[in-house]
Amino acid sequence: MENSNFQNDEESNNKDGEFNNIEELFIEDKEFEKKLLRKIDLRIMPLLTLLYLLSFLDRVNIGNAKLAHIEEDLGLVGSQFNWCLSIFFIGYILFEVPSNLVLIRTSPSKWIPFIMLMWGIIMTLMAFVKNFSELMSARFFLGAFESGLFPGAVYYITTWYKRSETNSRIAILFMGNSFAGSFSGLLAYGIVRLDGKLRLKGWQWLFLIEGLITVVVSIFSYFLFSDYPERTKWLSDEERKYAVGRLKNDAGKAHTTHFDKKQIYAALTDWKVHLAMLHIGISSIAFYSFSLFIPAIVNGMGFDFVKSQLLSVPPFFCAGIATLIVAILSDRKRIRSPFIIPCSLVAIIGYVLLITPSIGIPGKYVGACIVGAGLSPIVITSITWLTNNIAGHAKRGIASGMVLVSGNIGGAVSSQIYRQKDFPEYFFGHSMSLGFLIATICITIIQYFVFKTLNKKKKENPQSFLEGKTEEEIKNMGDLHPDFIYSL
């Protein structure tokens, strides 16, 4: 392609791959953009998805370890196993936002491989814990180092893709979650059969092998991970300019890439972010409880330990396929809430099948698959909805961390609602999840009307948003700028 996609108002020099703050007229070229997007996808998404798959695998394999008798081997009693699940989320919550701050101030190519190496080492060492306190400590630090990956990856995706492209990409990333759940059951089925080899228990082999895989991949990722479009070396100058220009054009005057402490304050005080935190926190309780306890739920239906490992695969597979389909449709229609509500209703139907006493084992198992297909798209589309409606790199990065903190508070709560005393029916856990999904629908409706009202005000009286502000303040308004229209 010989013609440039930009017309500069004035000439400038680029230094070290950085772009000066000049106004450029962006000229769209669909064919060029399609090829560029394909190139970006092939370079960014496979590696990012693999990293998240390993992250989720290391997070939920404790559910498989439960079926491999970790409780009996470590002498866990009462609710101690549940607290080993919850402590992970406490570490995650405490370090999620600080990790995104470090990511913003450093670079993805250094920070993400580093935290991955650290949690891989912890996962490996977890194979040698001897008691409750050691397992609690290991799970806490596992959560602390894993905390930077998903919020960092969500933020990272928004620095490469337009708002209409993010949901399908985050969904591809999130499919690593679903397939990790599927893969976890299959991998656990094979690994725990090493029980007794080298005097190690089956669950020890599980932690050891999966931890070492993570360590190896983290080392390779250091050499493969890319930074932002402005600084990447595998794009030509023309591709780099177009990649940056299309993001600026997508955000309009709300586009800001420089680090500004005011954006951090804006994220912390934005009530729209707080509402999204409530939304994602509540929906995550149902999602994480399903992810952590599906092997135990299936076991409660009457299947033995080995079959329960294998039968935990299809619900995760259904979750992955449903997530991708919903994400593609949501991106094409450029709307979010009309997909969140139906998915919530689908998951509710699944829970109704699980808690109805007259339903037989086949019906309950189908219910578990339906729950998976409904839950996963809710969480991913909700996260994308938030990132679509926040402008400014720093603000979006902090806001992403904040909503995922709330999601992991939901994860900590979810660890306590499927209690051993409720086995095998788990009526309490299923009922609580169903109730949280009803609350999710209500909050989604509220968010929809909030954003619709704000969009109407911006279109009818844009000047009211700019009154009393200096040119510099207007330039840094981000999503509050009247040119920025919220996604519904």
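Modeller: Residues are numbered from 1 along each chain as its sequence is written. Because the model is predicted, local features need pLDDT of at least 70 and side-chain atom pairs count only at pLDDT 80 or more, while totals for chains, interfaces and linings use all residues, and side-chain values use heavy atoms, with hydrogens and water left out.

Biologist: What makes Y156 and F225 a pair, and of which kind?

Modeller: Rings of Phe, Tyr and Trp (its six-membered ring) pair if their centres lie within 6.5 Å, and planes under 30 degrees apart count as stacked, over 60 as edge-to-face and the rest as tilted. By this rule the count comes to 24 aromatic pairs. The rings of Y156 and F225 have centres 5.2 Å apart and planes at 35°, so the pair is tilted. Y156 lies in helix α6 and F225 in the loop between α8 (202-224) and α9 (237-251), so the pair ties together parts that are 69 residues apart in sequence. Both Y156 and F225 are buried.

Biologist: Why is the pair of F423 and Y426 classed as it is?

Modeller: The ring centres of F423 and Y426 are 5.8 Å apart and the planes stand at 80°, so this pair is edge-to-face. F423, at 32% relative accessibility, counts as partly exposed, whereas Y426 is buried, with a relative accessible area of 2%.

Biologist: Which residues do ring pairs link into a cluster?

Modeller: The cluster is made up of Y155, Y156, W160, F225, Y228 and W234.

Biologist: How do you know that R163 lies over the face of F484?

Modeller: A charge sits over a ring if NZ of Lys or CZ of Arg is within 6 Å of the ring centre and within 35 degrees of the ring normal. R163 lies over the face of F484 at 4.3 Å from the ring centre, and R419 lies over the face of F428 at 3.9 Å from the ring centre.

Terms used:
Helix = DSSP H or I, 4+ residues; strand = E, 2+ residues; numbered from the N terminus. Buried < 20%, exposed > 50% of the residue type's maximum accessible area, 1.4 Å probe, protein only.
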